[in-house]
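Have a look at the model before reading on.

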Amino acid sequence: MFILHDLLKKLKNEFEISCKAGDRSTWFVYTLLAVIMPFTSSKTSNLLRCLDTLFGFEQIHRKPFYRFMASPKTPWGRLWRCLWRIIPEPLTNGRLLLALDDFINPKTGKKIFGCANIFDHAAKQNQSKYPWAQNIVMVGLLKMVKGRWACLPLIFRFYHLKKTVEASLLKKPTLQFKTKIDQAVEMVTDLCEVFKQGSILLITDSWFGNGSLYQPLNQGLGRDFHLLSRMRCNNALYDLPGAVGRKIPGRPRKYGEKKGNATSLAKEYRTLAREYDVNLYGRIRTILAFDRIVMLKTFKTQVRVVWVYRKTQWVALFSTDLTLSVPEMIEYYGARWKIEAAFKELKQDIGSAETQTRDPQAVVNHLNFCMMAVSVTWIYASLLVKTPIRRHAVAGRNHFAFSDVRRLVAEAALNDNFSRLFPMPGKSAVNSFVSVLLRMAA
């Protein structure tokens, strides 16, 4: 309970001192807790019902709460920077591990801010390949929490199609089109202003893993920045310039001889691969891999390429950080999948995909609440003395789940002493069926 109080108190202090700031900060704290509650989705109506039923907000009415959820006065910039600073031990082996990816938030309303017909590359046969959805680019922190990897959402941007912006379909005349790469560069730059210690390792999939993302960040940050990504099968690899034996007249060569692409070299190096023990997907696995330092013309620098071999397939990973070992590269890229788990926690567990909020400011506020709720939950788990116990056993999974931490946060928030630390107007006794609702949600 005191851990949760200390976290929320720091966020509450970010509100400016004014005649209504006290009520607004209290509403913010309990709305954030209502989003984390495990037995309700994060629809605005459900949040209001949760505040009234569970926390005893007797004097809160629908119109003032809806105005609060759509208020432009919520200091999200200061709140997020405060949250970034209170993350315990954000570095992993002296590196700040950031995961970058985008996801879609399907909606049904036609006037919802940020929605368009977005191509879904992961659509199934019975699903539309161009659903009506929001496209969101997110950067999260990869962190080891009590023996398991987790992804903490840190910052996001709405991606709007260029044709939508040019057609003025959005009700924001000042909105400008920016590519996903440009948005990613802005977000990583903002994060680096707060996280000033350690080198930065940005982990992406093959779509973001290109020179157009690496070059501006490497030149603009002015610090040790590196990229770890999956290599495409047709990427051409070159030998180091010093590997050229004969001296050629003219300026020194920047690249050596062309060795081939990732596919041809994967067949050549398979017989030279060796076994490594890697902490991958929750347990120690024996991985067959081979690494080599080569030159990439798209990055204009040396990279370490690791070919990971399975029975009939292979995967090529590369990183501009030459100090990374083979097990570290495989483990960190395997941890990148936790950003996909974060999308699931955000859309399904927290319920950001279920809300049908239409006002632009309300949409932004709601997504901020959902993402901050996920981050606060993982920060709470990392500050616990004991490792949470997994409530429901699953074959092959021994670590605790996100829902287990949400339950612990709910128990701490519904404690009678917590309401004394965060007093509210018209606080009533907690209803007796709260424990029954927790058991029903389990």
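Let's start with the largest nonpolar core, which has 147 residues; Phe28, Phe55 and Trp307 are the ones with the most contacts inside it. Helix H12, covering residues 360-383, gives the most to this core, putting in 13 residues. Keep in mind that this is a predicted model. As background, nonpolar side chains in soluble globular proteins tend to be buried together.

Who does Phe28 touch, once its neighbours within four places in sequence are left aside? Phe28 is in contact with Leu11, Phe15, Phe68, Trp76, Leu79, Phe369 and Met372.

Now for the gaps. Searching the whole structure turns up three cavities of 30 Å³ or more. The lining of the largest cavity includes Asn105, Lys107, Gln134, Thr355 and His366. H12 turns up again here, supplying three residues, the largest share of that lining.

There's also open space to explore. Among the 28 residues lining the largest pocket, Phe103, Ile104, Asp120, His121 and Ala122 are the closest to its centre. Strand E1 (95-106) and helix H11 (338-349) each supply at least two residues of the pocket's lining.

Here are the two spaces, with their volumes and linings:

Key. Residues are numbered from 1 along each chain as its sequence is written. This is a predicted model: local features need pLDDT of at least 70, side-chain atom pairs count only at pLDDT 80 or more; totals for chains, interfaces and linings use all residues. Side-chain values use heavy atoms; hydrogens and water are left out. A nonpolar core is a set of buried Ala, Val, Leu, Ile, Met, Phe, Trp, Tyr and Cys residues joined through side-chain atoms within 4.5 Å. Buried means under 20% relative accessible area, exposed over 50%, partly exposed in between (1.4 Å probe, protein chains only). Helices (H or I, at least four residues) and strands (E, at least two) are DSSP runs, numbered from the N terminus. Contact means heavy atoms within 4.5 Å. On a 1 Å grid over the protein atoms alone, a cavity is a set of points where a 1.4 Å probe fits but cannot get out, and a pocket is an open set with protein on both sides within 12 Å along at least five of seven lines; lining residues have an atom within 4 Å of a point. Grid points are joined across faces, edges and corners, and a volume is the space filled by probe spheres set on the points.
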